[in-house]
Amino acid sequence: MVPHRLVLAPVVQLDPERATFTDMLDRYAISLRSRGLSTSTVEARLWGVRRFQEFTGEYPWNWGPRDVEDFTSALLSRPQPAAHSTIRGYHLMIKLFCEFLVNPAYDWHDVCLERFGLVPAQICHPWNTHSHLAEFEARASRRPFGYDELEAFFARADEIAEDLIASRGKAALPALRDAQLFKTVYAFGLRRREAVMLDVNDLRPNPHMPDWGPYGKVHVRYGKAMKGSPPRRRTILALPEFEWATRGLKVWVEEVRPRIATDDAAALWLSERRTRISTRTADVRFARIRDDLGLDPMLTLHSLRHSYVTHLIEFGYAERFVQEQVGHHHSSTTAIYTSVSDDWKNRVFHEALDRVLGKKEGVA
């Protein structure tokens, strides 16, 4: 007797277009991970493609160059137009996704032709996308702190902590943490993530400055990574111009932090819940002090790093040394962060005049 066999009908997709697009994104994510890109990079690229698809209301096999132009126009028509670098980032994400779809190593051409009678194409071209025209593409309003602004900011951070201590407020310890965090970001030229990811064990001694104890160096383990690479590491020397911040770091680690930390806590900057603070927390706390003082809203936590680079140049440190301290891969990147003050430029100018004119007078 022939056994009965269950014959299954072929599966019919209720929404074949959406299912195909989802499959494209899933396979694209796998290819990006195979290249060693970080999870955050992969998610950002997928998000960019989804946003473009939602804007067009169409799927990749229906996309055309005009869609890119309309998308760009929409970004520029917002109350606050998107920056050149933002638009260029969107264009790059769309372009790379289209390159994946049209690559003959994959079968998306045949799949789309069979299912929809259309095929995906590259829609990003030199004539309809933003080019990378300059190394520094941030808004012109982005700048470092002035000396007076920096002094006022740190003074206000200290004042908030002192007032909470005097009133025995519960937020006194976090306020002390914030004040020292911002000073440390400035005194070592740290990026936001580099700062919040520091552990106590990342503080190292400098044998040339034994009086500073374990606060002579900061070992950064979560530096900005190159594409497809793990976070870059570097060691930053504490500098004599910022000894005041080094002393504050010692007070935080040895006197204040133990009142928050548990025995197994490793993070240097702890929240009230005894966990590592986030970059968002640092941004919010920074903005609160900045706005309280009425400072320029374009000043961000990253502006403290810009100030560090600027001030080291003004202090007379060699550009190569500054580049190593802040972890720039190219010296040109350090140069675009530098915005020296008029006083410094005038001093250099007068020194040059004295040197040149003095020689001439000596010859005469």
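Me: At roughly what angle do the axes of helix H2 and helix H4 cross?
Reply: This is a predicted model. In it, the axes of H2 (residues 39-56) and H4 (residues 84-102) cross at roughly 90 degrees and come within 9 Å. The two helices are therefore roughly perpendicular to each other.

Me: Which residues make the contact?
Reply: H2 contributes Ala 44, Arg 45, Trp 47, Gly 48, Val 49, Arg 51 and Phe 52, while H4 contributes Tyr 90, Met 93, Ile 94, Leu 96 and Phe 97. By class, this contact has nine nonpolar, one polar and two charged residues.

Me: On to electrostatics. How many salt bridges does the structure hold?
Reply: There are 17 salt bridges. One of them joins the side chains of Arg 221 and Asp 199, at 3.0 Å from N to O. Arg 221 lies in strand E2 (residues 217-223) and Asp 199 in the loop between helix H8 and strand E1, so the pair ties together parts 22 residues apart in sequence.

Me: Is Asp 199 buried or exposed?
Reply: Asp 199 counts as buried, at 14% relative accessibility. Asp 199 also meets Arg 276 in a salt bridge (2.8 Å, N to O), and Arg 276 is partly exposed, with a relative accessible area of 31%.

Me: And which residues are linked with Glu 272 in a network of salt bridges?
Reply: The network links Glu 272 with Arg 177, Asp 178 and Arg 285. Between Arg 285 and Glu 272, the closest N and O atoms are 3.3 Å apart. Arg 285 is buried at 17% relative accessible area, whereas Glu 272 is partly exposed at 47%.

Key: Residues are numbered from 1 along each chain as its sequence is written. This is a predicted model: local features need pLDDT of at least 70, side-chain atom pairs count only at pLDDT 80 or more; totals for chains, interfaces and linings use all residues. Side-chain values use heavy atoms; hydrogens and water are left out. Axes are lines fitted to C-alpha atoms, for helices over the stretch in contact, and angles run from 0 to 180 degrees between N-to-C directions. Helices (H or I, at least four residues) and strands (E, at least two) are DSSP runs, numbered from the N terminus. Angles under 35 degrees count as roughly parallel, over 145 as roughly antiparallel, 65 to 115 as roughly perpendicular and the rest as oblique. Contact means heavy atoms within 4.5 Å. Ala, Val, Leu, Ile, Met, Phe, Trp, Tyr, Cys and Pro count as nonpolar, Asp, Glu, Lys and Arg as charged, and the others, Gly among them, as polar. A salt bridge is a side-chain nitrogen of Lys or Arg within 4 Å of a carboxyl oxygen of Asp or Glu. Buried means under 20% relative accessible area, exposed over 50%, partly exposed in between (1.4 Å probe, protein chains only).
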